[in-house]
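Morning, everyone. A quick tour today, with the model up on the screen. Please hold comments until the end.

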Amino acid sequence: MTARVQRAAAPRARVGLWRTVLACEWKLVRVDLGVWLAVLLMAACVGYALLSGQQRLSERAAAVAAAQQEESHRRETLLRQVIRIERGEVTAPAESFRDPGNPLSVGRGSGASVVQLAPSPLAAAAIGVSDLYPPTFRVAAGSRDRFLFVDEIANPTLLASGSFDLAFVTVFLLPLVLLALAYNVLSGEREQGTWALTLASSAPPLPVLLAKLLARSAGVVVVAAGGAVPVLAMQGAPMATVDAVSALAAWSGLVLLYAAFWLALALWVNSWGRDSAFNAVALVLAWVMLVLVAPSGIQAVSEAWHPAPARSEMVLAVRQAAVDVDRDLDAERARFRS
């Protein structure tokens with residue numbers, strides 16, 4: 001009977017322990033200027049990233065609207081020209097590529113359709129490589145190799161650095177802010193002499209450390225994970241739709257898992273028993289290796305195993321194929337005439 005009562009009271013005791021530790025840590029955090037500066041820094045970065053992403057989407061929307069307007073103008077001009085030819089007001093052009101009654105000519109030029117890919121609910125959160133490609137594409141009756149040369153000309157420096165969007169803030173800046181808040185979660189207590197008092201109490205050390213990490217990083221993580229809500233609001237997406245809810249849940253879950261990884265790494269480094277300066281250097285080196293060096297190394301290994309052909313080689317190959325096709329066509333015409 002006594003063991004059963006103890007097992008039933010154990011969950012309530014753990015909840016009470018967590019509540020007590022979080023209350024104590026909140027009293028320390030709310031007077032810590034560094035924590036609030038970290039939250040403000042993250043909020044400023046998220047706000048600027050949202051504005052940058054929304055500006056990029058606005059530019060793409062303007063480009064799409066201009067392309068659609070140009071398509072409408074082309075087709076109206078083509079229709080008026082056909083009507084005038086049918087009425088006998090003007091004669092049809094002698095050149096086949098200018099004749100509006102030639103289906104192949106119309107399909108290659110003025111009759112081409114403009115298509116676009118609709119943006120996702122969180123398109124402003126991650127621009128990705130969309131700045132490397134045009135927002136629209138003209139579907140025409142031309143040769144297959146035309147799509148190979150459809151690229152958007154932009155500033156090479158801007159394309160190399162990428163866009164400052166919410167994904168960039170989450171992947172690169174969020175770990176740095178979290179590590180700055182958690183690098184001395186245990187070593188700082190040990191250096192101040194308060195960790196010995198914690199060990200002397202009846203509270204287990206692991207829940208105490210986890211509560212400290214939660215109290216320090218909660219504001220920063222909430223700001224980063226909640227950045228998807230303004231994205232949906234700025235894009236005018238209804239919050240109650242399945243796509244919006246699933247996108248918001250997926251984004252928040254990924255941010256929470258990513259933040260938990262870096263906090264666990266900080267806690268693991270703190271468990272080595274070294275001082276705070278060593279922890280800071282070790283965590284910064286880990287950030288450099290995992291965020292900067294590892295992706296570049298993986299890309300270098302992938303390119304070494306499966307090198308992609310140079311664009312100049314592709315252009316020369318396409319030109320050579322066109323020359324071969326023209327030569328074969330000339331040979332067939334000559335044989336047919338003979």
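Let's begin with a glycine. Just after helix H2, Gly-88 takes a positive phi of about 85°. Keep in mind that this is a predicted model.

Now back along H2 itself. The helix covers residues 33-87. That is 55 residues, reaching 81 Å from the first C-alpha to the last. Look at the start of H2. There, a side-chain oxygen of Asp-32 comes to within 3.1 Å of the backbone nitrogen of Gly-34.

Next, aromatics. How many aromatic pairs does the structure hold? Eight. Take Trp-26 and Trp-36. Their ring centres are 6.2 Å apart and their planes sit at 75°, so this pair is edge-to-face. Over 60 degrees is the cut-off for that label. The pair links distant parts of the chain: Trp-26 lies in helix H1, residues 2-29, and Trp-36 lies in H2, 10 residues apart.

On to another pair, Trp-272 and Phe-278. Here the centres are 6.1 Å apart and the planes are at 55°, so the pair is tilted. Trp-272 has a relative accessible area of 40%, and counts as partly exposed. Phe-278 is partly exposed too, at 29%. The ring of Phe-278 has a further partner. The charged end of Arg-274 sits over that ring, 4.1 Å from its centre.

There is also a cluster. Which residues do ring pairs link into it? Tyr-48, Phe-164, Phe-168 and Phe-172.

A general point before the numbers. Rolling a probe the size of a water molecule over the atoms shows where empty space is left. In this model, the largest pocket has a volume of about 360 Å³. It is lined by 17 residues. Which lie closest to the centre? Leu-57, Arg-60, Leu-117, Ala-118 and Pro-119. And where does the largest share of the lining come from? From H2, with five residues.

Trp-36 in H2 pairs with Trp-26 in H1. Comments, please.

Notes: Residues are numbered from 1 along each chain as its sequence is written. This is a predicted model: local features need pLDDT of at least 70, side-chain atom pairs count only at pLDDT 80 or more; totals for chains, interfaces and linings use all residues. Side-chain values use heavy atoms; hydrogens and water are left out. Rings of Phe, Tyr and Trp (its six-membered ring) pair if their centres lie within 6.5 Å; planes under 30 degrees apart count as stacked, over 60 as edge-to-face and the rest as tilted. Helices (H or I, at least four residues) and strands (E, at least two) are DSSP runs, numbered from the N terminus. Buried means under 20% relative accessible area, exposed over 50%, partly exposed in between (1.4 Å probe, protein chains only). A charge sits over a ring if NZ of Lys or CZ of Arg is within 6 Å of the ring centre and within 35 degrees of the ring normal. The expected span of a helix is 1.5 Å times one less than its number of residues. A polar contact is a pair of N or O atoms within 3.5 Å; within protein, one must be able to donate a hydrogen and the other to accept it, and residues adjacent in sequence count only if both atoms are side-chain atoms. On a 1 Å grid over the protein atoms alone, a cavity is a set of points where a 1.4 Å probe fits but cannot get out, and a pocket is an open set with protein on both sides within 12 Å along at least five of seven lines; lining residues have an atom within 4 Å of a point. Grid points are joined across faces, edges and corners, and a volume is the space filled by probe spheres set on the points.
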